[in-house]
Structures are given as C-alpha cells and as structure tokens.
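I opened the notebook to record what I looked up in this model.

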Amino acid sequence: MKKIAIIYGALRSGVYKKAVEMLSQFLLDYTYEYPVCLAYDPEADYAAQRCVYIGTREDNAYIAKVAESQEQLQPQGYRIKVASGTVTIEGADDAGLLYGCIDFYNKYIMKFEFPHDDAYYRINFFEKDLPDFEYSSAPAVKNRGIWTWGHVIYDYRGFIDNMVKLK
C-alpha cells in the first residue's frame with residue numbers, strides 16, 4: 001500500500017491546522033498508519049504517495065490549478081473531488097476546508113467502512129484504486145449557534161471538538 005500524504009498549502013490559522021489534524025486522525029483511525037503531512041512544493045515528486053491535497057485557492061497552488069475552471073465557492077463552502085486515485089479538498093476559506101475534511105471522512109470513507117456487502121469488511125479500500133467521487137456544499141445559514149438548554153458543560157474543549165465534528 002502506498003503511504004498516504006496530506007499535501008497542504010500554508011498553515012496560516014488554527015482552523016487550518018485543525019483541518020490537517022482532524023484529517024490525519026481520520027486516516028490514522030482507518031488505516032492504522034500515520035499519514036505524512038507536507039507543504040505543497042511544485043518541484044517535488046509525489047508519485048510514491050497516495051496524495052490528499054487540501055487547501056484554498058489562495059494558499060495551495062495545486063488546488064488553484066485544479067479548481068481554476070470551476071466556479072468560486074461560497075463562504076465556508078468546500079469541494080471534495082476524488083479522481084484517478086488523487087483526493088482534493090478545496091475550501092473557500094479555512095472553515096470551509098475544515099468542513100470539507102470532516103465530510104471527506106463522513107461522506108466518502110464511511111461509505112466504504114459500513115457497506116451493505118460484507119466482503120468489504122475484510123479489505124482496506126485504500127489499498128485499491130479509489131472510486132471517483134465529487135461533492136460540494138456550503139452552509140445555508142450564515143450565522144449559526146448552539147443552545148445547551150441551560151446545562152453545564154464541564155468539558156468545554158471536548159464539547160467544542162464534538163461541535164466541530166458535527167460542523
């Protein structure tokens with residue numbers, strides 16, 4: 001199996017770093033192997049790795065090149081595309097990138113984790129060619145919030161991490 005590499009643009013914010021961290025954790029949980037995290041270098045040869053390119057058009061030149069013919073995303077929107085074994089997760093901004101990484105796991109990886117055919121339970125689909133996939137989304141509501149019904153939150157960091165996973 002090829003080593004999985006997360007190729008990012010610029011770790012310019014905490015939200016961007018959280019996206020890389022969560023995607024790394026999702027891939028580790030599934031493959032039991034730490035993915036390599038690298039900053040995109042146009043001179044580098046990534047043929048030996050199974051690449052997951054993530055970022056925005058502004059910070060990752062690979063994402064900009066792939067997405068130049070596609071329409072601009074809405075704020076906090078994202079686009080996930082799997083083609084020819086290469087994964088690209090483009091976010092309109094850092095929050096969109098985070099949501100895209102979460103939905104790559106929820107809408108793509110989990111589809112193969114719990115299929116209706118039991119033969120899939122015995123294989124790791126990352127060892128084969130990845131099936132093509134394309135998905136994009138953006139929030140319908142600009143300002144969102146939460147309500148805890150007056151309950152005390154003792155582990156607020158865990159609560160916030162859980163809310164991030166729920167987008």
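My entries cover strands, cysteines and salt bridges.

I noted that this is a predicted model, where local features need pLDDT of at least 70, side-chain atom pairs count only at pLDDT 80 or more, and totals for chains, interfaces and linings use all residues. Residues are numbered from 1 along each chain as its sequence is written, and side-chain values use heavy atoms, with hydrogens and water left out.

Strands. I took helices (H or I, at least four residues) and strands (E, at least two) as DSSP runs, numbered from the N terminus. I found strand S1 (residues 3–8) paired with strand S2 (residues 36–39) in the parallel sense over four bridges; pairing requires that DSSP finds at least two bridges between the strands. Ile7 has Leu38 in S2 as its bridge partner.

Cysteines. I looked for disulfides (cysteine sulfur atoms within 2.5 Å) and found zero. The sulfur of Cys51 is too far for a bond, because the closest cysteine sulfur, in Cys37, is 12 Å away. For Cys101 the closest cysteine sulfur is also in Cys37, at 10 Å, too far for a bond.

Salt bridges. I counted eight, each a side-chain nitrogen of Lys or Arg within 4 Å of a carboxyl oxygen of Asp or Glu. Glu90 forms one with Arg79, the closest N and O atoms being 2.7 Å apart. This pair links distant parts of the chain, Glu90 in strand S5 and Arg79 in strand S4 (residues 78–83), eleven residues apart. I checked burial (buried is under 20% relative accessible area, exposed over 50%, partly exposed in between; 1.4 Å probe, protein chains only). Glu90 is buried at 5%, and Arg79 is buried at 8%.
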